[in-house]
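Hi,

Here is the model I promised to send over. Have a look at it first, and my notes follow below.

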Amino acid sequence: MGIHEQSYETWSGSLQSRMSRIWALIVSGLGYPFSRRANLVVIGLMYLMILGWLFLLYIFASSSAPPVFVLGNNLYRSWFFNHGLFGFLLMILASTVGATMISRDLQHNALLMIFSKAISRSDYLISRFTTLVLFFLQVTLLPAVILWLGQWGMSPEDLSIGSRLRDLFAITMHSFIIIIPFASVVLACSSLTKRPHVAAMLWVLFYLLTWVFSSILERTVDQEWCRLLWWQNLTARVGEAFYENRPAKIGIPFVGEGGSDISPLLEMGPSVPGLILV
């Protein structure tokens, strides 16, 4: 039997560009969150919120006395991004998806294989961060844009195209204000341990502690800034800076005493969610 030489030969092929290598890592991680049934349930609950608000928009589309939340930019600001249920569901997704991004690779020693493929540590972090950001955009920006389109089509309020586009810009910026800190802190927790469930608990503990400390300081110091220590309040306050602070004007005709027709022009600030006009 002949003996074949199996000595090492230097590979002389050409590498793909750096962006191509990073994008390959991003694509490989995008499908993982949708492979778990629990994640699909949470995502479905988020879009169920959107369907509920769209249903209410449809009901009040022809109403002469619509609730305040369908006017101005209250709907996707106060009743979606700043809603407590949205923050809770996003916290769960961050723990089940983001907390496993790096810890899963550490657990299975996948970093040894990844770093042997002309991928640097910075490329790896960029790819994991981008993967998490793109995933979060599907549960923040995308449903908010659906809600924005629904309000444009069904809201009784007559706004200019410029105001509508200003709201779209504010929605986009608000989404990134929520997503970028979420992704950064969750990935930091994920890099501290090889066990994904430990990383998830670290993130949930951090999120809940901001709420606890905020409540304790608010009762002790009784200052407005104490509320900003809670994660969701902080992102809500920063995100609201991008919205156009315009009053919602709508004429509501009704018949006054004595049979005389009165058509008052009500001016309502956009920060009074849930008030029903009568």
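**Aromatic rings and the core**

Phe34, Phe135, Phe136, Phe182, Trp203, Phe206, Tyr207 and Trp231 come together as one aromatic cluster. Rings of Phe, Tyr and Trp (its six-membered ring) pair if their centres lie within 6.5 Å, with planes under 30 degrees apart called stacked, over 60 edge-to-face and the rest tilted.

Before you read on: this is a predicted model, where local features need pLDDT of at least 70, side-chain atom pairs count only at pLDDT 80 or more, and totals for chains, interfaces and linings use all residues. Residues are numbered from 1 along each chain as its sequence is written, and side-chain values use heavy atoms, with hydrogens and water left out.

The pair count comes to 18. One of them is Phe80 with Phe81, a tilted pair because the centres are 5.3 Å apart and the planes sit at 55°. Both of these residues are buried (under 20% relative accessible area; exposed is over 50%, partly exposed in between, with a 1.4 Å probe and protein chains only). Phe169 and Phe242 make an edge-to-face pair, 6.3 Å centre to centre with 70° between the planes. Phe169 lies in helix α9 and Phe242 in the loop between α11 and β1 (248-251), so this pair ties together parts that are 73 residues apart in sequence. (Helices are DSSP runs of H or I, at least four residues, and strands are runs of E, at least two, numbered from the N terminus.)

Then the largest nonpolar core: of its 53 residues, Phe136, Phe182 and Trp203 touch the most other members. Such a core is a set of buried Ala, Val, Leu, Ile, Met, Phe, Trp, Tyr and Cys residues joined through side-chain atoms within 4.5 Å. Helix α9 (residues 161-190) gives the largest share, 9 residues.

Where does α3 stand, covered or open? Helix α3 (residues 74-81) is mostly covered, with 7 of its 8 residues buried. Those buried residues include Arg77, Phe80 and Phe81, and they pack against α2 (37-60), α4 (84-96), α8 (141-154), α9 and α11 (231-240).

Back on α9, where Phe176 is found, that residue is partly exposed at a relative accessible area of 28%. Leaving aside neighbours within four places in sequence, Phe176 is in contact (heavy atoms within 4.5 Å) with Val133, Leu137 and Pro181.

Cheers
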